[in-house]
Amino acid sequence: MPNAKESRTDLPGTLRRSPAKAQRTYREAHDSAVEQYGEGERAYRTAYAALKHSFEKVGDRWQPKDRRGPSDPRAAKGGAAARRGEGETFGGVDVLGNTRQELYERARSLGVRGASRLNKAELARAIQRKG
């Protein structure tokens, strides 16, 4: 069994800076997906989908969400529609689990200009670009 340091190095950088539970969620989902689908893009997409049900990308790390569930339209669709790339992902920003006001406040704290004129999806995209 690899030691903790070796296990951390196989994770994407945003996950190495994230809580242990986020790392464990990603790793377990990825390993299970590799067993089922083989190594490759599908295994990584499956792992990120599992991660995004409980965690949200905030800046350069993943933080626990207040409520579990899909974070974006693609995750909400799931299955074949998600594999075809239908729906937007917003780069890990939990657009479905946050109100427009919550996204607006976060965008303002990140220095997004013109945030008051943006709708929920536009705010999520702006937060993604700043993160």
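Two strands count as paired if DSSP finds at least two bridges between them. Keep that in mind for this predicted model, where strand β1 (residues 55-58) and strand β2 (residues 61-64) pair in the antiparallel sense over four bridges. Strands here are DSSP E runs of at least two residues, helices are H or I runs of at least four, and both are numbered from the N terminus. Look at V58: its bridge partner is R61 in β2.

What sits between the strands of this hairpin? There are two residues, and G59 takes a positive phi near 65 degrees.

Residues are numbered from 1 along each chain as its sequence is written. Since the model is predicted, local features need pLDDT of at least 70 and side-chain atom pairs count only at pLDDT 80 or more, while totals for chains, interfaces and linings use all residues; side-chain values use heavy atoms, leaving out hydrogens and water.

pLDDT is the predictor's confidence in each residue, on a scale from 0 to 100. The protein's mean is 86, and 92% of its residues reach 70 or more. Over residues 1-8, though, the pLDDT is below 50, and this stretch has five contacts in the model beyond near neighbours in sequence. A contact means heavy atoms within 4.5 Å.

## Two helices crossing

Now find helix α7 (residues 100-109) and helix α8 (residues 120-130): their axes come within 9 Å and cross at roughly 30 degrees. Axes are lines fitted to C-alpha atoms, for helices over the stretch in contact, with angles from 0 to 180 degrees between N-to-C directions. The crossing is left-handed, meaning that the near helix is turned anticlockwise from the far one by less than a right angle.

Which residues meet here? From α7 come R100, L103, Y104, R106 and A107, and from α8 come K120, L123 and I127. They divide into five nonpolar, no polar and three charged. Ala, Val, Leu, Ile, Met, Phe, Trp, Tyr, Cys and Pro count as nonpolar, Asp, Glu, Lys and Arg as charged, and the others, Gly among them, as polar.

## Two buried residues

Is D94 buried or exposed? D94 counts as buried because its relative accessibility is 3%, and buried means under 20% (exposed is over 50%, partly exposed in between, with a 1.4 Å probe and protein chains only). D94 sits in the loop between α6 (79-83) and α7. Not counting residues up to four places away in sequence, D94 touches E56, K65, P70 and S71.

A29, in helix α3 (residues 20-37), is buried too, with a relative accessible area of 15%. Leaving out residues up to four places away in sequence, A29 touches T46, A47 and A50.
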